Amino acid sequence: MGVIMTSFSVSTVMGVPLGLYVAANSDWHTPFFGIAGISFVLAVAGWYVIPTLQGHLHARGETGPLQGIAQVLRDSNHLRAFLFSFCMIFAGFSIIPYITIYMQINAGLTPSDIPVIYLAGGAATLFSAQIIGKLSDRIGKLKMLQIIAGVAVLPMALITVTAGLSMTVILVITTFFFVFVSGRMIPGMALVSAAGNPKNRGTFMTLNSSMQSAAMGLAALVGGMVISRNAEGLIENFWICSVIAISFNLTALLIAKRLKVYQ
């Protein structure tokens, strides 16, 4: 899981600065067309490369997708896992969508400074993701989640009050934010994948992805409703987003303790 989560770090290091550069030198639509083209190539490659993994279907005892969904939703452990996953994602995306605008308007950074923030954070997580993954195997997924999510509370709080700080201090805070907020997902998603009953794991993980997407959208919506602009054009109430994020982060920790995991 640590290796897999490193791919998100690579996308941060390469994708975000590249997307910003392309948009700044062409049109804001261009990165989205690029994503669509790359996604098509990956879909074709995945069709030939990814194994079908259909062996578990014989033991599932159902034939249709609706029956599979119903079977997953009848399991209370699955519902707890979905709620845990929702809270984990909601915590991060209460803050993440508004980092760029806050940093430019309130903290006084220039558009050229923003790629540096993502580059530093992504580069750091390239290494931290591997370490967190190995430690999760060594000391346990739940224990590692408690440590990383606990430490993540600090950068969650600090990143929303960086106005007036130097670029160096901001860079330290944002890097720690990326390392620990994304680092939670390594033991967290390992826990979620282990919480799915093996005979329904495919349906379970599909529904979990839907839950995560819903959490992203709702968190961004709530964050957008919380923040505002004052008469001077500055962002207000961003600190409330950190309170929301920390609350959901701690709620996820409470739910994680009640998850049953399969070997």
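Predicted model: local features only at pLDDT ≥ 70, side-chain atom pairs only at ≥ 80, totals over all residues.
**Helix H6 and what follows it**

Let's start with H6, which covers residues 113-139. This helix has 27 residues and spans 38 Å from its first C-alpha to its last, close to the 39 Å expected at 1.5 Å a residue. If you trace H6 along its length, you will find a kink of about 30 degrees centred on Leu-126. The buried residues of H6 include Ile-114, Pro-115, Ile-117 and Tyr-118. Gly-121, Gly-122, Thr-125, Ser-128 and Ala-129 are also among the buried residues of this helix, as are Ile-132, Gly-133 and Ser-136. Just after H6 comes Gly-140, with a positive phi of about 110 degrees.

**Two helix pairs**

Two packed helices are described by the angle between their axes and the distance between the axes. Here are those values for two pairs in this model.

| Helix pair | Axes come within | Crossing angle |
|---|---|---|
| H6 (residues 113-139) and H7 (residues 141-158) | 7 Å | roughly 130 degrees |
| H9 (residues 185-195) and H10 (residues 201-226) | 9 Å | roughly 140 degrees |

With axes crossing at roughly 130 degrees, H6 is oblique to H7. On the H6 side, the contact is made by Ile-132, Leu-135, Ser-136 and Ile-139, while H7 brings Lys-141, Lys-143, Met-144, Ile-147 and Ile-148. Sorted by type, the residues of this contact are six nonpolar, one polar and two charged. Two of the H6 residues named here, Ile-132 and Ser-136, are in the buried set of that helix as well.

H9 and H10 cross at roughly 140 degrees, and they too are oblique to each other. H9 takes part through Met-185, Met-189, Val-192, Ser-193, Ala-194 and Ala-195, and H10 through Arg-201, Phe-204, Met-205, Asn-208 and Gln-212. This contact between H9 and H10 divides into seven nonpolar residues, three polar and one charged.

**Two residues to look up**

Phe-180 sits in helix H8 (residues 167-183). Its relative accessibility is 16%, so Phe-180 counts as buried. Leaving aside neighbours within four places in sequence, Phe-180 is in contact with Ile-148, Val-151 and Ala-152. Ile-148 also belongs to the H7 side of the contact with H6. Between Phe-180 and Asn-208 there are 22 Å in space, C-alpha to C-alpha, and the two are 28 residues apart in sequence.

Asn-237 has a positive phi of about 70 degrees although it is not a glycine. You will find Asn-237 in the loop between strand E2 (235-236) and helix H11 (238-256). Because its relative accessibility is 29%, Asn-237 counts as partly exposed.

Terms used:
Residues numbered from 1 in each chain as written. Heavy atoms only, no water. Axes fitted to C-alpha atoms, helices over the stretch in contact; angles between N-to-C directions. Helix = DSSP H or I, 4+ residues; strand = E, 2+ residues; numbered from the N terminus. Parallel < 35°, antiparallel > 145°, perpendicular 65-115°, else oblique. Contact = heavy atoms within 4.5 Å. Nonpolar A, V, L, I, M, F, W, Y, C, P; charged D, E, K, R; others polar. Expected span 1.5 Å × (residues − 1). Bend = angle between axes of the 7 residues up to and from the residue. Buried < 20%, exposed > 50% of the residue type's maximum accessible area, 1.4 Å probe, protein only.
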